[in-house]
Amino acid sequence: MGEAMKRLVPAVCATLALFSCGGAPEGAPDVRKPNFVLIFIDDMGYGDIGAFGSTDNRTPHLDRLAAEGMRLTSFYAHPVCTPSRAALMTGAYPMRNGLQTGYWHPVLMPGDPQGIHADEITVAEALKEQGYATGIIGKWHLGDQPEFLPNAHGFDYYFGLPYSNDMSPFLPLNKRNHPPLPLLRNGEVIREVPEDQSFLTGDYTTEALKFIDAHHEQPFFLYIPHSMVHVPLFAGDDFRGRSSNGILGDAIEELDWSVGEVRKKLEEHGIAENTLVFFTSDNGPARGSAGPLRGRKGSTYEGGMREPAIAWWPGTVPAGSEYADTASTMDILPTFAALAGGAVPAERIDGHDISAILKGATERPSAYAAFYYYRGYELRAVRSGKWKLHADGALYDLEVDIAESNDVAAENVETAARLEGLLEKGREEIGDGPVWPNDPGIRLPATARPIGKIDRAPRLLIPRRDAEGEAAHEPPIRTKTTSPPPKDYVRPDNW
Ligand SMILES: [Ca+2]
């Protein structure tokens with residue numbers, strides 16, 4: 001730790017009431033800070049890899065990481081892309097920072113006038129403060145206007161898509177009239193993604209390896225949010241047609257290869273023992289398998305939010321270990337910050353530092369007295385220990401009923417009442433309302449932070465070719481939501 005940083009940290013801790021202000025004490029040898037590689041798959045389900053029970057997809061590299069590291073078997077994301085990425089990057093429920101939906105759709109759309117607020121503190125910003133080189137290779141999906149893109153939120157380097165790979169004019173179901181899909185490098189459009197996206201996973205991997213080559217002599221944070229396995233599915237030439245599970249299996253096997261390449265690169269530079277690799281997914285499966293879980297992408301049943309998760313750090317994360325209690329993507333920010341010896345604005349986040357668990361304290365109970373399941377603005381369930389209560393009153397014991405198939409509320413009246421109290425606490429402290437945006441019934445607490453908004457007409461990253469002037473920046477058509485609103489919901493005029 002440099003002299004300037006040593007002086008800064010106590011001051012920052014005092015002012016912002018931060019926790020985990022660790023780091024080397026005065027005069028101690030300057031131990032090298034660990035690197036972080038965060039691999040975030042799109043729409044991969046709990047049952048899509050061998051280490052979590054898949055027999056459809058061959059994932060030897062991931063299975064080996066799990067065997068040499070830790071499987072986290074109750075690890076939660078959020079039901080769809082934008083809120084999930086907001087939670088991962090800020091360590092907070094999406095309700096806290098306005099990113100529980102896009103402006104008019106469940107996720108941000110091309111040319112959305114909203115995105116992540118400048119005041120939010122991302123994982124990249126927290127680590128940059130600690131002297132880390134920061135890179136994102138892949139899909140962002142927290143806003144596509146310049147002030148929302150990764151370079152404005154703590155990332156030194158960005159290569160990838162601004163949003164989902166189905167927001168493209170080539171899809172047969174492009175009812176929304178999407179503009180051309182851009183591939184970006186540091187905010188500049190470097191090419192238009194053609195109908196054939198089979199180059200994506202390969203190019204992301206090449207970029208990730210280059211980033212490690214360039215930064216292996218300093219602490220780095222490399223975030224790899226792959227575009228696969230969100231539809232439309234593609235795999236490179238070496239993988240297409242090779243799996244026994246169609247194009248989904250091909251794409252998953254290529255992702256597995258990519259993980260293996262990253263590992264190989266870390267070993268090649270002799271930094272594996274100083275690098276935490278964390279692998280998980282942003283929400284449940286669209287096309288893949290939720291394994292034994294009920295529900296899929298978009299759902300607040302376990303299958304929509306519980307993800308395969310692996311932590312690998314040779315010599316630090318115990319080989320062959322497992323953590324079965326609740327943890328979540330919101331824990332990434334406080335955990336990485338703590339391991340880097342940095343500070344976290346505790347009042348801004350809902351996640352917990354799980355570094356002790358990753359180092360082997362796997363008997364430790366979850367720090368989540370309550371973990372909340374939101375769909376858009378709607379609080380739909382709470383988990384406390386092994387119990388999960390849905391807002392409709394159904395209670396499940398996840399320890400014996402991972403599939404949420406046997407409602408035991410009637411036999412556990414006191415437990416159901418206790419969890420109903422936690423739901424009420426969530427409604428008051430985090431918020432609740434109808435699922436979709438722009439509804440007068442939405443109730444947010446005073447602590448809710450604003451979403452980022454621009455005060456001008458949004459621009460598309462690649463203007464439409466069949467139009468000129470302002471017309472070339474027309475956003476996609478607002479046809480419908482991807483999920484039907486509740487029966488009693490009246491859609492506002494401005495939808
Ligand atoms: Ca997703």
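Predicted model: local features only at pLDDT ≥ 70, side-chain atom pairs only at ≥ 80, totals over all residues.
Residues are numbered from 1 along each chain as its sequence is written.

The protein chain contains eleven helices and 19 strands. Helices (H or I, at least four residues) and strands (E, at least two) are DSSP runs, numbered from the N terminus. Of the 495 residues in the chain, 52% are buried. A residue counts as buried if 20 or more other C-beta atoms lie within 10 Å of its own, as exposed if 12 or fewer do, and as partly exposed in between, with C-beta atoms placed from the backbone. Among contacts with a separation of 6 or more, 68% join residues 24 or more positions apart. Contact requires that the C-beta atoms of two residues, placed from the backbone, lie within 7 Å.

Ten strands build an open sheet. Their order is β8-β7-β6-β5-β9-β1-β10-β12-β2-β13, and the pairing is mixed. Two strands are taken to pair if DSSP finds at least two bridges between them. The edges are held by β8 (188-192) and β13 (321-323). Each has a single partner strand, so one side of each lacks a neighbour in the sheet. Direction ignored, neighbouring strands are turned by 15° against each other on average.

Arg 185 has Glu 188 of β8 as its bridge partner. Pro 182 is bridged to Glu 192, also in β8. Two residues lie between the strands of this hairpin, and Asn 186 takes a positive phi near 50°. Strand β6 (residues 157-160) runs antiparallel to β7 and is joined to it by two bridges. Here the partner of Gly 160 is Leu 184 of β7.

A second open sheet has three strands, in the order β11-β3-β14. Its pairing is also mixed. The edge strands, β11 (306-307) and β14 (327-328), each pair on one side only. Strand β3 (residues 75-76) and β11 run antiparallel, with two bridges between them. Phe 75 is bridged to Glu 307 of β11.

Helix α2 has four residues classed as buried: His 61, Leu 62, Leu 65 and Ala 66. Seen down the axis of α2, they fall within an arc of 140°, so they line one face of the helix. The arc is that of the directions from the helix axis to the C-beta atoms. These buried residues pack against β2 (70-72), α7, β10 (275-281) and β12 (310-312).

The axes of α2 (residues 60-68) and α7 (residues 246-268) come within 7 Å and cross at roughly 55°. Axes are lines fitted to C-alpha atoms, for helices over the stretch in contact, and angles run from 0 to 180 degrees between N-to-C directions. The two helices are therefore oblique to each other. Angles under 35 degrees count as roughly parallel, over 145 as roughly antiparallel, 65 to 115 as roughly perpendicular and the rest as oblique. From α2, the contact involves Pro 60, His 61, Leu 62 and Leu 65. From α7, Asp 256, Trp 257, Val 259, Gly 260 and Arg 263 take part. By class, the contact comprises five nonpolar, two polar and two charged residues. Ala, Val, Leu, Ile, Met, Phe, Trp, Tyr, Cys and Pro count as nonpolar, Asp, Glu, Lys and Arg as charged, and the others, Gly among them, as polar.
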